[in-house]
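Have the viewer open while you read.

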Amino acid sequence: MENLLGGPEPTRLPADHPDVAARAAVAGGAAPRAVVPAQPASSLLWALLAEEAQAQDPVAAYAYARTGYHRGLDALRRAGWRGAGPVPADHEPNQGFLRSLLALAEAEEAIGESDEAERCRRFLLDSGTSPEAVAALR
């Protein structure tokens, strides 16, 4: 599809991204924490751990989400992302990064980092999605 708006092309993580194998393992009944040693580069696993920890331990949720966020940024850059442009939420391999970013915003809010939480929510919007759309992926 031709980009008629002149902005960056959407970035889609590859089909062999670690989130794909991680998603399959979790769907098969494996606990995310048990899958991390096999797929530590999976943003999805870190997002799941952050989402699980959020209510009881927002500091742990922050650490998990921050890990998933950075793993996702590394993967996006390898996929051609240059710091701007759409990261489609309907592309399944992108969802772990987006969920990590939302979990990071939520954890930042919980620990009093409201400015950083707003920056992460803005990042979701700049990526062509919204906090609500990403929350619906859970």
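A crossing of two helices is called left-handed if the near helix is turned anticlockwise from the far one by less than a right angle, and right-handed if it is turned clockwise. With that in hand, and bearing in mind that the model is predicted, take helix α4 and helix α5: α4 passes α5 in a left-handed crossing. On the α4 side, the residues making this contact include Pro 58, Ala 61, Tyr 62, Ala 65 and Leu 76, and on the α5 side Phe 97, Ser 100, Leu 101 and Ala 110 are among them. Sorted by class, that contact of α4 with α5 has 13 nonpolar, 3 polar and 2 charged residues.

| Pair | Angle between axes | Axis distance |
|---|---|---|
| α4 (residues 58–78) and α5 | roughly 145° | within 8 Å |
| α5 (residues 95–110) and α6 (residues 114–126) | about 155° | 7 Å |

Angles over 145 degrees count as roughly antiparallel, so at about 155° α5 is roughly antiparallel to α6. The α5 and α6 crossing is left-handed. From α5, the contact draws on residues including Phe 97, Leu 98, Leu 104, Ala 105, Glu 108 and Glu 109, while α6 brings in Ser 114, Ala 117, Cys 120 and Arg 121, among others. The class count for α5 with α6 is 10 nonpolar, 1 polar and 4 charged residues.

What about α5 by itself? Its 16 residues reach 22 Å from first C-alpha to last, close to the 22 Å expected at 1.5 Å a residue. Of those 16 residues, 13 are buried, so α5 is largely enclosed by the rest of the structure. After α5 comes Gly 112, with a positive phi near 90°.

Finally, zoom in on one residue of helix α6, Ala 117. Is Ala 117 buried or exposed? Its relative accessibility is 0%, so Ala 117 counts as buried. Which residues is Ala 117 in contact with, leaving aside neighbours within four places in sequence? They are Ala 105, Glu 108 and Glu 109, and these three also belong to the α5 side of the contact with α6. Ala 117 and Leu 104 are 13 residues apart in sequence, with their C-alpha atoms 7.2 Å apart in space.

Key
Residues are numbered from 1 along each chain as its sequence is written. This is a predicted model: local features need pLDDT of at least 70, side-chain atom pairs count only at pLDDT 80 or more; totals for chains, interfaces and linings use all residues. Side-chain values use heavy atoms; hydrogens and water are left out. Axes are lines fitted to C-alpha atoms, for helices over the stretch in contact, and angles run from 0 to 180 degrees between N-to-C directions. Helices (H or I, at least four residues) and strands (E, at least two) are DSSP runs, numbered from the N terminus. Angles under 35 degrees count as roughly parallel, over 145 as roughly antiparallel, 65 to 115 as roughly perpendicular and the rest as oblique. Contact means heavy atoms within 4.5 Å. Ala, Val, Leu, Ile, Met, Phe, Trp, Tyr, Cys and Pro count as nonpolar, Asp, Glu, Lys and Arg as charged, and the others, Gly among them, as polar. Buried means under 20% relative accessible area, exposed over 50%, partly exposed in between (1.4 Å probe, protein chains only). The expected span of a helix is 1.5 Å times one less than its number of residues.
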